[in-house]
Amino acid sequence: QLKLVQSGGGLVQPGGSLRLSCAGSPLSLDYYVIGWFRQAPGKEREGVSYITRTGHTYYAGSVKGRFTISRDNANNTVHLQMNTLKSEDTAVYHCAAAGRIAYYSDSYNFSNSADYDFWGQGTQVTVSS
């Protein structure tokens, strides 16, 4: 059983930056596709970004060019660096790990939350002046 523990998040002014982290234990995150999802009040959950086992990355159009997902293999952690934050980025963010489909081709669309098996506890990101 994989456990995901999130850190980071908080309150930031528009234009600011935050980094979210997702640490896995006891299994290596190398075996999983790791995704980040967010849900704002009154809105559906949205796939923000993911990174595959081979390092292929995906970003939703709303965050492309501003967010960067990366693996920190030494610490069994995946980071989501969020720059130039906007008020519309305000949401609860969850990281998740997909194991059942982790060996699918990089051409597969891994942004469906139903494909993910394990979830972090969630962290609030608030962008406000």
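Okay, one definition before anything else: a residue is buried under 20% relative accessible area, exposed over 50%, and partly exposed in between. With that in hand, Tyr58 at 28% relative accessibility goes down as partly exposed. And a reminder that what you're looking at is a predicted model.

Let's stay with Tyr58 for a moment. Its ring and that of Tyr50 have centres 4.9 Å apart and planes at 15°, so we call the pair stacked. So, is Tyr50 buried or exposed? Tyr50 is buried, because its relative accessibility is 4%. Eight aromatic pairs turn up in the structure. Tyr50 and Tyr58 also belong to one aromatic cluster, together with Tyr104, Tyr108 and Phe110.

One more thing on rings. If you find Trp119, you'll see Arg45 lying over its face, 4.4 Å from the ring centre.

How many salt bridges does a search of the whole structure find? The search comes back with four. Let me start with Asp89 and Arg38, where the closest N and O atoms are 2.9 Å apart. Asp89 is in the loop between strand S8 (77-82) and strand S9 (91-98), while Arg38 is in strand S4 (residues 33-39), so this bridge ties together parts 51 residues apart in sequence. Accessibility is 1% for Asp89, which means it counts as buried, and Arg38 at 6% counts as buried too.

Asp89 has another partner, though. Its side chain also meets that of Arg66 in a salt bridge, at 2.7 Å from N to O. Arg66 sits in the loop between strand S6 (57-59) and strand S7 (67-72), so here the parts tied together are 23 residues apart in sequence. Again, both Asp89 and Arg66 are buried.

Now for Asp117 and Arg100. Their closest N and O atoms are 2.3 Å apart, and they form a salt bridge. Asp117 is in the loop between S9 and strand S10 (118-119), and Arg100 is in the loop between S9 and S10 as well, so this pair links parts 17 residues apart in sequence. What about accessibility here? Asp117 is partly exposed at 27%, and Arg100 is exposed, with a relative accessible area of 54%.

Last point, and it takes us back to Asp89. Through salt bridges that share partners, Asp89 is joined with Arg38, Glu46 and Arg66 into one network. If you have the model open, have a look at that group.

Definitions and conventions
Residues numbered from 1 in each chain as written. Predicted model: local features only at pLDDT ≥ 70, side-chain atom pairs only at ≥ 80, totals over all residues. Heavy atoms only, no water. Phe/Tyr/Trp six-rings, centres within 6.5 Å; stacked < 30°, edge-to-face > 60°. Buried < 20%, exposed > 50% of the residue type's maximum accessible area, 1.4 Å probe, protein only. Lys NZ or Arg CZ within 6 Å of the ring centre and 35° of its normal. Helix = DSSP H or I, 4+ residues; strand = E, 2+ residues; numbered from the N terminus.
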